[in-house]
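Here is a briefing on one structure.

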Protein chains: 2
Amino acid sequence: MERTVVVASGGLDSSTLLYLLKDKGHEVEALAFDYGQRHRVELERAEEISRKLGIAFQLVSIEPIGKLIAGKSSQLNLEVAVPEGHYESKSMKTTVVPNRNMIFLSIAVGRAIALGFSNVAFGAHSGDHAIYPDCRQDFSKTLAKAVELCDWKKINLISPFVQFKKWEIVLLGSTLGVPFERTWSCYKGGTRHCGRCGTCVERREAFSLAGVTDPTEYENE
Amino acid sequence: MERTVVVASGGLDSSTLLYLLKDKGHEVEALAFDYGQRHRVELERAEEISRKLGIAFQLVSIEPIGKLIAGKSSQLNLEVAVPEGHYESKSMKTTVVPNRNMIFLSIAVGRAIALGFSNVAFGAHSGDHAIYPDCRQDFSKTLAKAVELCDWKKINLISPFVQFKKWEIVLLGSTLGVPFERTWSCYKGGTRHCGRCGTCVERREAFSLAGVTDPTEYENE
């Protein structure tokens with residue numbers, strides 16, 4: 001049986017990934033990271049979705065790392081406003097968290113080694129890389145090679161959505177029964193999706209392109 | 001001016017690395033990690049050496065990660081005894097901490113990006129790889145390629161000792177004035193070096209091969 005640690009953020013992508021791997025028969029442990037993010041409501045959602053799916057869930061507190069790398073990221077530095085507008089616009093660059101993927105993945109790989117699991121998975125997709133350097137396919141591929149060498153036993157780093165567009169993930173998720181209404185994307189945190197920040201705009205667009213009804217309640221329609 | 005974040009453990013190798021980079025004119029920030037290690041006395045030593053050298057020092061608390069990846073590592077799981085004997089013997093494998101280098105380095109890279117520094121350095125040397133998969137040169141090289149891609153601006157991962165033997169580091173350190181008596185290696189922690197665990201055996205051997213007087217006070221001569 002394949003056994004896989006999954007980096008889970010409570011969002012559309014990683015939740016669909018959990019459903020996909022469970023559907024494929026993997027034994028899955030979901031890891032969520034509390035790094036002091038503005039939108040930490042996502043952590044409750046990641047846990048809720050994992051429970052619903054009947055898989056193991058671990059919340060890892062790494063707030064001191066968040067403080068260390070905060071810099072000018074709007075997601076960690078509360079003095080920097082969350083930009084509104086389209087995901088691919090330049091203003092979105094303030095939402096980048098320095099080296100977030102490598103940090104999360106390296107911890108997930110350590111966990112996989114400790115558990116004796118052979119795989120680590122994450123939900124980067126092709127739309128991400130316009131803004132996030134560590135969502136580029138080249139980055140994933142190269143990091144996967146380093147991950148293969150970090151232990152005596154080979155660990156596989158898998159990112160099944162790296163060539164998907166976001167709407168394709170929504171389409172896949174809808175066939176897998178992902179409870180989209182319980183996933184969380186909004187960068188602003190709060191209790192309802194704002195509907196205007198980059199990730200809300202991207203989320204709405206993805207449902208629309210996929211032709212799947214968007215169950216999200218947005219603050220601004 | 002080169003600006004470099006250095007992973008500092010208070011040991012011989014990373015302390016010599018701090019002295020080397022300072023000598024070369026780098027602006028240096030030392031990062032030390034409290035991950036719940038048995039030998040956390042090393043953290044005080046890392047701080048002391050950084051202060052002596054007049055460089056910035058950051059202690060990062062990541063104990064929840066230590067708990068997550070503890071498994072059967074003698075350095076994190078206090079129920080597993082620290083093995084005694086030669087560094088290269090099979091029994092030393094219990095001292096491996098899963099994916100430690102990638103975890104530390106990914107955080108150090110995030111820090112470098114936040115600070116606007118271009119380099120991250122660590123002190124892996126050629127003797128380490130007999131036991132530690134993540135001290136192999138292939139691992140460092142491959143990870144360095146991933147690090148180059150993790151941000152829009154290139155970050156260099158440097159490991160100047162990766163082809164050095166431990167005694168060569170001692171020899172270099174002695175010319176740079178490293179206060180060896182204040183560095184800490186012993187895996188057992190405590191207040192004096194035990195003289196018998198793998199890293200104590202390696203430490204003694206390195207001074208002897210380098211022809212440098214070993215200032216360490218060992219519990220067992």
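Two residues are in contact if their C-beta atoms, placed from the backbone, lie within 7 Å. By that rule, the contact takes 34 residues from chain B and 34 residues from chain A. The model is predicted: local features need pLDDT of at least 70, side-chain atom pairs count only at pLDDT 80 or more, and totals for chains, interfaces and linings use all residues. Residues are numbered from 1 along each chain as its sequence is written, while chains are lettered from A and ligands numbered from 1 in the order in which they are written.

**Chain contact**

- On chain B, the side that touches chain A draws at least two residues from each of strand E3 (56-61), helix H3 (63-69), helix H4 (100-115) and helix H5 (137-149). Helices (H or I, at least four residues) and strands (E, at least two) are DSSP runs, numbered from the N terminus.
- H4(B) gives the most to this side, with nine residues.
- This side of chain B divides into 21 nonpolar, seven polar and six charged residues. Ala, Val, Leu, Ile, Met, Phe, Trp, Tyr, Cys and Pro count as nonpolar; Asp, Glu, Lys and Arg as charged; the others, Gly among them, as polar.
- The copies meet through the same surface, because 100% of the interface residues of chain B are also interface residues in chain A.

**Helix packing in chain A**

- The axes of H1(A) (residues 12-23) and H6(A) (residues 166-176) come within 9 Å and cross at roughly 45°. That makes H1(A) oblique to H6(A).
- Angles under 35 degrees count as roughly parallel, over 145 as roughly antiparallel, 65 to 115 as roughly perpendicular and the rest as oblique. Axes are lines fitted to C-alpha atoms, for helices over the stretch in contact, and angles run from 0 to 180 degrees between N-to-C directions.
- Residues making the contact include A:Leu12 and A:Tyr19 of H1(A), and A:Ile169 and A:Leu176 of H6(A).
- The residues of this contact divide into seven nonpolar, two polar and two charged.

**Helix packing in chain B**

- H1(B) (residues 12-23) and H2(B) (residues 41-53) pack at about 15°, with their axes 10 Å apart. That makes H1(B) roughly parallel to H2(B).
- B:Ser15, B:Leu18, B:Tyr19 and B:Lys22 of H1(B) meet B:Ile49, B:Ser50 and B:Leu53 of H2(B).
- The residues of this contact divide into four nonpolar, two polar and one charged.
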